[in-house]
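User: Could you take me through a few local features of this structure?

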Amino acid sequence: MSETSENIADAESVSGTASEEEQAEGLVVASEILPPSLPILPLRPRPAFPGILIPMSVSGHERVAAIRRAMETPSQALGMVMVRDLEADDGPENLHRIGVVGKILKIAHMDEENANFLINCLERFTIDHLIHTDRGLYADVRYHYAPELSVNPELKAYSMAIISALKELVQINPLYSEEIKLFLTRSSMDDPGRLADFAANLTSADGQELQQILQTFEVRKRIDRVLVLLKKELEVSRLQTRISKQIEEKISAQQREFFLKEQLKAIKKELGLEKEGKTAEIERFEERLQSLKLNEAAQRAVEEELDKFRMIEPSSPEYTVTRNYLDWLTILPWGKNSRDTFNIDRARRVLDRDHYGLEDVKERILEFIAVGKMKGDISGSILCLVGPPGVGKTSIGHSIATAIGRRFYRFSLGGMRDEAEIKGHRRTYIGAMPGKFIQAMKGAGTANPVLMLDEIDKIGASFHGDPASALLEVLDPEQNGSFRDHYLDVPFDLSHVLFVATANQLDTIPAPLLDRMEVIRLSGYILDEKVEIARRYLIPKALEAHGLKKGQVTIRRDALRTLIDGYAREAGVRGLENRIKKIMRKAAMEFARGRTDGITIGKKDLEKFLGKPLFQEEEVFEGVPGVVTGLAWTSMGGATLQIEATAMPSKSKGFKQTGQLGNVMIESSDIAYSYVMAHLERYGAPADYFDTRFVHLHVPAGATPKDGPSAGITMATALLSMLTERPVLKKLGMTGELTLTGRVLPIGGVKEKTIAARRAGLQTLLFPEGNRKDYEELPDYLKEGLAVHFVRDYDEVYRVAFEADEHTERT
């Protein structure tokens, strides 16, 4: 039983006794008898208390109807009950069960929607039965009359404690004295129950705390709780007084300082001591130089420019140019280095906190930090994080900075076409500025930050120059110790900077630039990893971003898996994050319209929130001669390709490829065609098969451009399946470059292709023998359940594809 229930039970006997005593007194006026049923007025944000006279202002048709209904009764009694949830409607389920009855003394104004009136609060009551009508809420109630208590020493001590606390409040805040005087005109300090109610009403406590006081019928318990509230109120009042005093002192000091400065300025002006703007600028530059450690060339340049600046008149065009140059020279962090932290355990915690999965990437970064710990420095290092969009390249760079305790600064190289963006403009040009790297050093504030060069694979070139070539000096540890920006024209040391570049692919990065960077690949996430990332990071982040609380929106795990497979199949998680945001926006709309219960999203609810799935299940055609599944790599991750081959009767041989194939892929198909044509009898086909047939090779989807050599063995297998009319092994996928002699050469993107194979439900994979080491480095959860064959020549491919050879390597 709750404490409230106990209080109600304890009060029933008190209520009954009081009623009997009243009946024994004889006849009373009808208007003084409290009715057994009351119209109910919901209160927010705090309840009313017995013995208090309250002026009220209400709005709303149902609330005004309740007041009219109360005025129609002889007693003019109105029940007032506080709501449970301030944001919810005034429905019966949102009301507390204990309230206060009051008698309306005066109506100041009342129309259909608004009412202003004065009400005298009388007694507590408990709602037995509550109904909701078109004229508002109406309830059957039981009253809990305040008992006549004999004032014993204990209650008197409690009362004195309340009076003492009230005296302290009056001393701190004189506004309380008026309310105490009003209470004394209507009640006595000798009534501990009424005194406790008055003191509680006087505080600025939370409405739910005051409701607990109202629901406490036993006087002693009520006084205990009220004393706690008064203690809190005293502390708040003292704090308010202290803050007000501090603000007043601060304002007074600021006013005094302002007047004194104005007086001083006037005195200096009269005496001719007021400094010119140029003098103040020179002092500011000299003050900055005291904390800097400039190299010899920079120090000499600053001194020369300062001497020139002293001689130039402010009206001269050269004045602004020289001032801006000195400003840049003195604001750069010459010799200011932050202290590195080479704590491997801390770095691991930071990486695990910010990223899920990517164990191979984390291990490589930790090795990098460990080397820095042994050397005592990680200067001269240039990392390049390569992977599809949304896999966390930029955030990993931020985590590296956090792990080693360095400042982080990021700028994008995507679309940059002007060499001056890297090396700055010469000062002879109007509006000249330093390049991005010098600007980054100013923004970072230290000489050894972590600089992230985003989208380095999308850097361009134009008639303004080649920014990629300009980067060669910046990213060369042997040269960037004396990097010379065109604007500064003095060497600046970039050798202590840790450069972290990001790219989606390496093909567009110039070879000399790529040679200066250490490449770390981020291949993307499989479905299980995406589920965990969504649960740990994306959903909590989206809830906070949309003003929702934890538990208001719940996405079940099975719904997450369906969401990822049907709406966000890309290698990264950016698309997944956007879909989750869309769900949160629609959920926020429902809550804004008044919904109060939580939203749980299952698999069947996804179409309601996101529409039809964007992706269908990847079809793997099985049992069809001439159709073979290949594995491909794209900038968005791995994918499967259904390569189809068919032959038509013809007077002469011929070969045709369709599917928007690139030059390299067309060459691969020609090699596959030539290899199969040269070995027809070896694989059980007539030697003249192609003499009277025109062969057509197609790679769906036709609207998507494709290129690369890794589909060679897949194309050859499709041709052999077509001419032998034998389907390949079920659930089979393959990749590998084929030569004219039948050798199978290694390919790239093993991890991405393995992820694509798992997503498509393939069970048997063929990789070149040269990729064995790449496959063995994959995490065990990626290799689980796959039968993998590593092949050196096409004969091995043929045996597995058409005969299901037992020499497999199953993990």
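This is a predicted model: local features need pLDDT of at least 70, side-chain atom pairs count only at pLDDT 80 or more; totals for chains, interfaces and linings use all residues.

User: Which residues of H3 are buried?

Analyst: Leu-155, Tyr-158, Ser-159, Ile-162, Ile-163, Ala-165, Leu-166 and Leu-169 are buried (under 20% relative accessible area, with a 1.4 Å probe and protein chains only; exposed is over 50%, partly exposed in between). They cover an arc of only 160 degrees around the axis, so they lie on the same side of H3; the arc is that of the directions from the helix axis to the C-beta atoms.

User: And what is exposed on the other side of H3?

Analyst: Pro-153, Lys-156, Lys-167 and Gln-171 are exposed there.

User: New topic: where is Leu-239?

Analyst: Leu-239 belongs to helix H7 (residues 219–271); helices are DSSP runs of H or I with at least four residues, strands are E runs of at least two, and both are numbered from the N terminus. Leu-239 is partly exposed, at a relative accessible area of 41%.

User: Now Leu-506: buried or exposed?

Analyst: Leu-506 counts as buried because its relative accessibility is 15%. This residue sits in the loop between strand E12 (498–503) and helix H17 (511–515).

User: What does Leu-506 contact, leaving aside neighbours within four places in sequence?

Analyst: Leu-506 is in contact (heavy atoms within 4.5 Å) with Val-386, Leu-514, Val-519 and Arg-521.

Notes
Residues are numbered from 1 along each chain as its sequence is written. Side-chain values use heavy atoms; hydrogens and water are left out.
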